[in-house]
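My notes follow, in the order I looked things up.

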Amino acid sequence: LIYILGYGITIYFYHFFQNRFIEKGMYNYKNQILYRLLSHKAFDFRQTSTGVYLSALTNDIETVRNDYLANLISLTYNVAVFIFALATMAYYNIILCVIAIATSSLSVVVPLFLGKRLTSAEQKLSAENGRFVTFTKELLSSISLIKSFCAERRFFDLFKDRNKTLEHLKKARKWQAANISILSALFLDISTFAVYAAGVIFVINGVITAGAIIAFVQLLNNILGPISSISDCIPRMRAARQIMKKIEHMAEDKSEGKNGIALENCTGNICIRDLSFSYSKEKTALSHIDYEFLPNKSYGIIGDSGSGKSTLIRLLMNYFPDYEGSICLDGTEIRQISDAGIFSAFAIIEQEVFIFDASIKDNITLFSPIDDKDLEPIIHKAGLDKLIAEKGLMYLCGENGLNLSGGERQRIS
């Protein structure tokens, strides 16, 4: 009676908390990862392909959900069921209980050694997922270029090769998981046979009654079932934990001097002295530059392609803090200024602008709650009066401004 009551309570709490635990856990985990990513410097994002981030926030996050969080609560449930069943079995016959534990423990111990292979397969699959997402993203973004050079077949073949590699790694990962399940089931069958054999001997010798053996065998299912689940859960959780470490490493802020000086009443005086910068040892982008940009004046920087124009702008934005020489804003070294201070002093429009798949208003305000009347002078200065008159502020721009002309995208950004 006590066993039935305990087992029923365990099942109730398992189903009650399972979905709530996973929902809340994933909600908080994804929020934490993205918050940490958004705290990175812009330079850090340029060091890693966006496909890697996309894969981590989709494929890898699903691995964490299915193989870690779901298995964590399943592990807790199975351990509780195992303890209840074990206590009841010990009540009937302690010797048979010890035999059941000794033989069934092999189904947990042996698969743990194979868990390393599953972890390795999971890591390889995660890395290939990142490469596949990156390639697919680039392919879909360059359809016009591909078609203009009649290169559809070439890129289709490349896609097939990447797809084949990815599916092969998925199969290898599933095969490693299947090996663990097969071995676990084999040792559980051995355990069942050992308990049956010992029970028959005990009945013949009068140590235990046939009814007790029947009850014992029924309880054995609630020992072997949880053990089978535990032996499957632990290797998967260990493999998923490595994926979590990869995500956490990616989200780790490696930049220094993030909490720098906050500028107040910036005038915009920029003084550059003996500035040099290299992307690599083989190529120098800027060498011993000296110049001063005065407030309230306009400047044009001209030069050949690759002469360092964009690099200079990025250095002013503190994208690359490892430059030589000095860049001072109102007498303060750029490297010592906080990110918030830099972006409050500078506004930049990149050569390649980005438009969200949202309304014109959301793209102008970056989703901030601003009244339409407050936007009117901004719209006028940006030369968007005609576009807004024709289409309205709530007009959907499409993915990266698909529904807009090049000039309209520039003005909105």
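This is a predicted model: local features need pLDDT of at least 70, side-chain atom pairs count only at pLDDT 80 or more; totals for chains, interfaces and linings use all residues.

**A helix across the sheet**

I began with helix H9 (residues 309–316), which lies across E1, E2 and E3 and runs at about 120 degrees to E1.

Next I wanted the strand order. In which order do the 4 strands of the open sheet come? I read it as E2-E1-E3-E4, with antiparallel pairing. E2 and E4 are the edge strands, each pairing on one side only.

I then went through the sheet pair by pair, starting with E1 and E2. Strand E1 (residues 270–278) and strand E2 (residues 284–293) run antiparallel and are joined by 6 bridges. They make a hairpin, and I find 5 residues between them. For a landmark in this pair I picked phenylalanine 277, whose bridge partner in E2 is leucine 286.

On to E1 and E3. Strand E3 (residues 324–329) pairs with E1 over 5 bridges, again in the antiparallel sense. Isoleucine 272 stands opposite isoleucine 327 in E3. Arginine 273 faces serine 326 of E3. Serine 276 has glutamate 324 as its bridge partner in E3.

Last pair: E3 and E4. Strand E4 (residues 332–333) pairs with E3 in the antiparallel sense, over 2 bridges. I noted cysteine 328 standing opposite glutamate 333 in E4. How many residues sit between E3 and E4 in their hairpin? I get 2, and aspartate 330 in that turn has a positive phi of about 55 degrees.

I wrote down who makes the contact. From H4 I have Ile95, Leu96, Ile99, Ala100, Thr103 and Ser104. From H7 I have Phe187, Leu188, Ser191, Ala194, Val195, Ala198, Gly199 and Phe202. What classes do these residues fall into? The contact of H4 with H7 has 10 nonpolar, 4 polar and no charged residues.

**Two residues in H5**

I moved to helix H5 (residues 106–141), where threonine 134 has its place. Is threonine 134 buried or exposed? Buried counts as under 20% relative accessible area, so threonine 134, at 15%, is buried. Leaving out residues up to four places away in sequence, threonine 134 touches Ser49, Gly51 and Val52.

**Loop residues with positive phi**

I finished with two loop residues. Cysteine 150 lies in the loop between helix H6 (143–148) and H7. Phi of cysteine 150 is near 50 degrees, a positive value in a residue other than glycine. Exposed counts as over 50%, so cysteine 150, with a relative accessible area of 63%, is exposed.

Where is asparagine 296 found? I located asparagine 296 in the loop between E2 and H9. Its phi is near 60 degrees, a positive value in a residue other than glycine. Asparagine 296 has a relative accessible area of 83%, so I put this residue down as exposed.

Notes
Residues are numbered from 1 along each chain as its sequence is written. Side-chain values use heavy atoms; hydrogens and water are left out. Buried means under 20% relative accessible area, exposed over 50%, partly exposed in between (1.4 Å probe, protein chains only). Contact means heavy atoms within 4.5 Å. Two strands pair if DSSP finds at least two bridges between them. Ala, Val, Leu, Ile, Met, Phe, Trp, Tyr, Cys and Pro count as nonpolar, Asp, Glu, Lys and Arg as charged, and the others, Gly among them, as polar. Axes are lines fitted to C-alpha atoms, for helices over the stretch in contact, and angles run from 0 to 180 degrees between N-to-C directions.
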